[in-house]
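Load the model and keep the sequence alongside.

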Amino acid sequence: MPANIVGPSVLQSIMQATPFEVFGTTRPFGQNSLAQSWIINSSGSQGILEATPHNNVHNNIGGWMPSAMSPMDPIFFMHHSNIDRIWDAWNHAGNANSPDPLWTDMTFQNNFINPNGTPWSPQVKSLQVPEDLDYTYHAKQIYFRAGTWC
């Protein structure tokens with residue numbers, strides 16, 4: 001990936017972005033309820049993490065990654081784990097996720113599957129702490145070392 005998508009200046013901008021809407025993404029323009037129709041409405045503005053590196057990596061990898069079939073691509077889970085790791089580091093740097101209930105209380109209806117095969121429909125607020133989902137990241141920060149962000 002080119003430096004303008006995943007390089008040190010991008011990671012520095014991500015880690016310095018506040019509030020959440022500059023870091024992540026705003027809710028869709030005009031959203032006034034928790035209706036499922038708002039999930040597919042992409043009229044909100046993209047923050048730096050969502051636009052670059054998240055979306056640009058999807059678009060530049062090719063294969064399955066730029067489509068709705070992206071979870072079939074072998075790099076998908078590594079890419080999303082890294083985005084999640086950056087988000088976790090951003091939170092541990094003292095930055096807060098949006099407290100807006102039209103964001104935190106949104107339910108992803110039947111988008112996930114439990115290990116037993118039944119649908120799981122979590123609210124955003126139940127997905128914000130990695131440890132609550134039984135995983136963690138060793139490093140709680142993104143740092144600059146030997147000319148590169150880690």
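Which residue just after α5 takes a positive phi? Gly94 does, at about 100°. Before going further, note that this is a predicted model, in which local features need pLDDT of at least 70, side-chain atom pairs count only at pLDDT 80 or more, and totals for chains, interfaces and linings use all residues. Residues are numbered from 1 along each chain as its sequence is written, and side-chain values use heavy atoms, with hydrogens and water left out.

Now the overall layout. The protein has 6 helices and 4 strands. Helices are DSSP runs of H or I with at least four residues, strands are runs of E with at least two, and both are numbered from the N terminus. Read from that end, the order is α-α-α-α-α-α-β-β-β-β. The radius of gyration is 16 Å, close to the 15 Å from the globule rule for 150 residues, so the protein is as compact as a globular protein of that length. That radius is taken over C-alpha atoms, and the rule is 2.2 Å times the number of residues to the power 0.38. Along the principal axes, the C-alpha atoms fill a box of roughly 45 × 35 × 30 Å.

Next, burial and surface. Of the 150 residues, 31% are buried. Buried means under 20% relative accessible area, exposed means over 50%, and partly exposed lies in between (1.4 Å probe, protein chains only). The protein exposes about 8900 Å², and carbon and sulfur atoms supply 58% of that area. These areas come from the Shrake-Rupley method with a 1.4 Å probe. Contacts are heavy atoms within 4.5 Å. Among contacts with a separation of 6 or more, 53% join residues 24 or more positions apart.

Charge comes next. There are 5 positive and 10 negative side chains, and the centres of the two sets lie 6 Å apart. Lys and Arg count as positive, Asp and Glu as negative; His and the chain ends are not counted. Each charge is placed at NZ of Lys, CZ of Arg, CG of Asp or CD of Glu.

Return to helix α5, residues 76–92. Its 17 residues should span 24 Å at 1.5 Å a residue, and the end C-alpha atoms are 24 Å apart, which agrees. The expected span is 1.5 Å times one less than the number of residues. Which residues of α5 are buried? They are Phe76, His79, Ile83, Ile86, Asp88, Ala89 and Trp90. An α-helix has 3.6 residues a turn, so residues three or four places apart point the same way. The buried residues of α5 pack against α2 (8–16), α3 (20–23) and α4 (48–61).

Zoom in on Ile83, in helix α5. Ile83 is buried, with a relative accessible area of 9%. Beyond its neighbours within four places in sequence, Ile83 contacts Leu49, Pro53 and His54. His54 is 29 residues away along the chain, yet the two C-alpha atoms are separated by 6.8 Å.

Pro53 brings in another backbone detail. Pro53 sits in helix α4, and a cis peptide bond joins it to Thr52, with omega about 20°. A cis bond also joins Thr18 and Pro19, with omega about 0°. Pro19 lies in the loop between α2 and α3. At 47% relative accessibility, Pro19 counts as partly exposed.

The loop between α3 and α4 holds Gly44. Is Gly44 buried or exposed? Gly44 is buried, at 16% relative accessible area. Not counting residues up to four places away in sequence, Gly44 touches Thr26, Arg27, Pro28 and Phe29. Gly44 and Pro28 are 16 residues apart in sequence and 3.9 Å apart in space, C-alpha to C-alpha.

Asn110 has phi near 55°, in the loop between α6 (101–104) and β1 (112–113). Asp134 has a positive phi of about 70°. Asp134 is in the loop between β2 (119–120) and β3 (144–145), and at 74% relative accessibility it counts as exposed.
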